[in-house]
Amino acid sequence: MGGKNTTETVFADAKGIARAARILAGGGLVAVPTETVYGLAARADSDEAVARIYQAKGRPSFNPLIVHVRDAAQAAQYARLEGDADRLARSVWPGPLTLVLPRREDAGLAAAVTAGLPTVALRAPAHPAMRALLAACDLPLAAPSANRSGFISPTRAEHVSASLDGRIDLILDAGPCEEGVESTILAIREDGRWDELRPGPVDLDALHWRLFDGPRESGGAGDAIEAPGQLASHYAPGKPVRLHAAAAEADEFMIGFGDIPGHCTLSSSGDLAQAAARLYACLHEAARSDLPRVAVAAVPEAGIGVAINDRLRRAAA
Ligand code: TXA
Ligand code: MG
């Protein structure tokens, strides 16, 4: 691997992980697979290392980062992990749920990680490569999706290298990501209220029923601005995107679903989990295509379909 690229891609085996851990300890940037998308990791306790993430991505500095940890015990060093938050962390982690919680005064995280907010976003990822890396470097790792800001998230090592080659120190390759869309983000407020800031693989209504044996009260509106990943244009392939398309027009790259065929399909059998896993690969293919516009078949607004449609709306905005 590597070839003509400036940034080397290595397998996420023991040797690759050890090398990545050394780079991170030294303040460098490593792209690493998680179960959702590939992340661009740097040590979260270093101002210089975190500044490099913003630089490499061209990310606006008001958009805070998720801090990745091994488990709830490590998370409790950075945030007040109490009540529902503690219960959620212990039942869902490691997994694709990010908790936004009140930050501890003595957290010791770089200021830019939280972009000046009194809260911090924390997640213990499930992917074995990311878990091995967190154990090997024994540091909190800030990691946004490993793409240029505003562009499509990466679910394969090739996507990372196409977007960030020459701007980061190493890419760990462990094949395609299983979930394919970013973690569910849940803010738990001082008064205990739940605010879903980003839909994702974890269904919060189902989770609430499972843990509390009752329905979840829907959070207040207007919190989305707090998570700029939630702002209108994001995940964009750099050309117009038309949603709910029944068929392609002559100049459109068609992304199909179920019975509706296309140049590529999210899932020909109409399977939503498969559609989530293939979403960004299809958008990357559409971006690379010579066709100037993109059309996407309708995807049901159920389960992980909610997260898929959320990302598609932003790709189209
Ligand atoms: O699945 C994921 O979450 C992936 C993998 C790599 O873990 N990461 C990811 O990071 O999607 P990123 O930076 O692309 O999205 C993080 C989102 C942003 O929308 C950001 O605004 C929000 O989390 N966020 C971070 N800290 C926050 C905070 N303190 N309050 C509210 N939102 C926050
Ligand atoms: Mg992102």
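Predicted model: local features only at pLDDT ≥ 70, side-chain atom pairs only at ≥ 80, totals over all residues.
Strand β5 (residues 97-102) and strand β9 run parallel and are joined by 4 bridges. Within this pairing, Leu-97 stands opposite Thr-184 in β9.

In general, the strands of a sheet pair through backbone hydrogen bonds, in either the parallel or the antiparallel sense.

Ser-46 is found in the loop between β3 (38-43) and α2 (47-57). Because buried means under 20% relative accessible area, Ser-46 counts as buried at 14% relative accessibility. From C-alpha to C-alpha, Ser-46 and Gly-192 lie 31 Å apart in space, and they are 146 residues apart in sequence.

Attention now turns to the later part of the chain. An open sheet of 4 strands is found there, with parallel pairing and the order β11-β14-β12-β13. Strands β11 (241-242) and β13 stand at the edges with a single partner strand each, so one side of each has no neighbour in the sheet.

Strand β12 (residues 252-256) is mostly covered, with 5 of its 5 residues buried. The cover extends to both faces of β12: Glu-252, Met-254 and Gly-256 are buried on one side, and Phe-253 and Ile-255 are buried on the other. Strand β12 runs parallel to strand β14 (residues 293-296), and 4 bridges join the two. Along this pair, Glu-252 stands opposite Arg-293, and Phe-253 has Val-294 of β14 as its bridge partner. Strand β12 also pairs with strand β13 (residues 264-265), in the parallel sense and over 2 bridges. In that pairing, Gly-256 has Thr-265 of β13 as its bridge partner.

Helix α9 connects this sheet with the helical packing described next. The helix lies across β12, β13 and β14, and runs at about 165° to β12.

Two packed helices are described by the angle between their axes and the distance between the axes. Helix α9 (residues 272-288) and helix α10 (residues 305-316) pack at an angle of about 20°, with a separation of 9 Å between their axes. Angles under 35 degrees count as roughly parallel, and α9 and α10 are therefore roughly parallel to each other. The crossing in which α9 passes α10 is left-handed.

On the α9 side, the contact is made by Leu-272, Ala-275, Ala-276, Leu-279, Tyr-280 and Leu-283, which meet Gly-305, Ile-308, Arg-311, Leu-312 and Ala-315 in α10. The residues of this contact between α9 and α10 divide into 9 nonpolar, 1 polar and 1 charged.

Definitions and conventions:
Residues numbered from 1 in each chain as written. Chains lettered and ligands numbered in written order. Heavy atoms only, no water. Axes fitted to C-alpha atoms, helices over the stretch in contact; angles between N-to-C directions. Parallel < 35°, antiparallel > 145°, perpendicular 65-115°, else oblique. Left-handed = near helix turned anticlockwise from the far one by under 90°. Contact = heavy atoms within 4.5 Å. Nonpolar A, V, L, I, M, F, W, Y, C, P; charged D, E, K, R; others polar. Buried < 20%, exposed > 50% of the residue type's maximum accessible area, 1.4 Å probe, protein only. Pairing = 2+ DSSP bridges.
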